[in-house]
Amino acid sequence: MTRMPEARAPRADRPRAGIVPPYLLLRIAAAEEHYDVAAEAARRSLVRDEPMRELRAEGIGTTLAPHEHPGLVADRGGRTVEAPAPGVAIREPAPDRRISDAEGVESLPGRLVRAEGAPATGDASTDEAYDGLGEVFALFARAYGRDAIDGRGAPLDATVHFGDRYDNAFWDGERMVFGDGDGEVFRGFTQSLSVIGHELAHGITELTARLRYRDQSGALNEHVSDVFGALVEQYAMGQDAAAATWLIGEGVFTPLVEGRALRSMLDPGSAYDDDVLGRDPQPGHYRDYVRTDLDNGGVHLNSGIPNRAFALAAVDLGGFAWEHVGHVWYDTLTDGVLGPDDGFAVFSAATLAAARSRFGIASREAAAVAAGWRAVGIDPE
């Protein structure tokens, strides 16, 4: 008999990285004259999420269930490589997805409702989560040779229908967790593939560069997740850099909100402009860097600066972004060159070095990376 995991509340020692930034939840919480249901849902989410943001800032990281595969090992960047042991068969990386249903309460993992290879359930959130996890796995396995989050085939776990009208989705160090939204401002968060990719990328960052979730290193942590959230969506849709929207969280707003998404990588500050929620406050240039004690030093705000640098480099090069600038960023994340407190200057220089190493000192790729950073006020040299 298979022993089912015990139900638990989200652990207090697990970092929670929510896709919806606290500054937006604060605006919704204050808008009870317009959104009575959403305002109450946002207030509950703020109270629930704040301790987890602080733990994340302290660098408490990922603990994944062991899932060893004979014949596979991972190098220092988490890439899957062949083990040297003779006579051991090497398998092709394949996802191991497990979707559970919290059934409207704040208990994890919930009831297992779909495991790897099982047919669709008919529940939209369950099946969207299952498909989305598969798309994330496909990008990292096929483009970068990484077998799941840890590079060793760890299970991809998710829980849907978490809480009562919970206005967020988060990675808690073990699994993806999705709320259903309040129905007034937010829809269910499984509807956005970039959200799924963004949150799972937090797990990869925690296992590689370990960028601390505060100030510039925290903004880079958010930025890296936005990068791979966008690339997962582009890879799944077969979009080149010119055709891509470069939006993070497209489709999570209801029609009552004047907005396209939570963030725009190509044009930070333009994702939404709503009479009630206000205008997207993300800066897109270093001269506008926001200094604040809120949101762990503005990690969701200032990520707009490196986001624009990446998107500009990708559009400049054309073609599929995961094949060039995506490779540069993955190399930077996984090659062991970053420290947990590194900021924009160190990170930008590391990406330029990675571009030169992979594509050549005088390559178009290196030139585009340098130009992208300079366009946002950062010199990577």
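Modeller: One definition is needed first: a residue counts as buried when its relative accessible area is under 20%, as exposed when that value is over 50%, and as partly exposed in between. The model is a predicted one. The protein has 10 helices and 12 strands, and 61% of its 381 residues count as buried.

The search of the whole structure finds 17 salt bridges. In general, side chains of opposite charge can pair when their charged atoms come close. The pair to examine with care is R263 and D226, whose side chains meet in a salt bridge with an N to O distance of 2.9 Å. This pair links distant parts of the chain, since R263 belongs to strand β10 (residues 263-264) and D226 to helix α5, 37 residues apart. Is R263 buried or exposed? R263 has a relative accessibility of 0%, which is under 20%, and therefore R263 counts as buried. D226 is likewise buried, because its relative accessible area is 0%.

A contrasting picture comes from a group of charged residues elsewhere. Salt bridges that share partners join E32, E40, R43 and R44 into one network. Why can E40 and R43 be described as about one helical turn apart? They are separated by about one helical turn because they lie 3 residues apart in helix α2 (residues 36-57). E40 and R44 are 4 residues apart in α2, so their separation is again about one helical turn. The relative accessibility of E40 is 34%, so E40 counts as partly exposed. R43, at 31%, is partly exposed as well, and R44 is partly exposed with a relative accessible area of 24%.

Let us return to α5, the helix that holds D226. Helix α5 (215-237) is among the elements that cover the buried residues of α9, together with α6 (295-302), α7 (304-317), α8 (325-334) and α10 (364-375). Helix α9 runs over residues 344-359 and reaches 22 Å from its first C-alpha to its last, close to the 22 Å expected at 1.5 Å a residue. Its buried residues are F344, F347, S348, A350, T351, L352, A354 and A355. After α9 comes G360, with a positive phi near 115 degrees.

Helix α10, of 12 residues, reaches 16 Å, close to the 16 Å expected for it. The buried residues of α10, including E365 and W373, pack against α7, α8 and α9. Just after α10, G377 takes a positive phi of about 90 degrees.

The loop between α4 (193-207) and α5 contains T208. T208 counts as buried because its relative accessibility is 18%. Its side chain reaches the backbone oxygen of I204 at 2.7 Å. T208 and T332 are 124 residues apart in sequence, but 9.8 Å apart in space from C-alpha to C-alpha. For the protein as a whole, residues 24 or more positions apart account for 64% of the contacts with a separation of 6 or more.

H161 is placed between β6 (156-160) and β7 (169-171), and H161 is buried because its relative accessible area is 16%. The side chain of H161 makes a polar contact of 3.0 Å with the side chain of D123. The residues touched by H161 include D101, E103, F178 and D180. R165 also lies in the loop between β6 and β7, and it is partly exposed at 34%.

Finally, some backbone details are worth noting. Most residues other than glycine have a negative phi, and most peptide bonds are trans. R165 has a positive phi near 55 degrees. A148, in the loop between α3 (124-144) and β6, has a positive phi of about 70 degrees. A148 counts as buried because its relative accessible area is 8%. A cis peptide bond, with omega about 5 degrees, joins L108 and P109, and P109 lies in the loop between β4 (97-101) and β5 (111-115).

Methods: Residues numbered from 1 in each chain as written. Predicted model: local features only at pLDDT ≥ 70, side-chain atom pairs only at ≥ 80, totals over all residues. Heavy atoms only, no water. Helix = DSSP H or I, 4+ residues; strand = E, 2+ residues; numbered from the N terminus. Buried < 20%, exposed > 50% of the residue type's maximum accessible area, 1.4 Å probe, protein only. Polar contact = N/O pair within 3.5 Å; in protein donor to acceptor, adjacent residues only side chain to side chain. Contact = heavy atoms within 4.5 Å. Expected span 1.5 Å × (residues − 1). Salt bridge = Lys/Arg side-chain N within 4 Å of Asp/Glu carboxyl O. Lists of a residue's contacts leave out its neighbours within four places in sequence.
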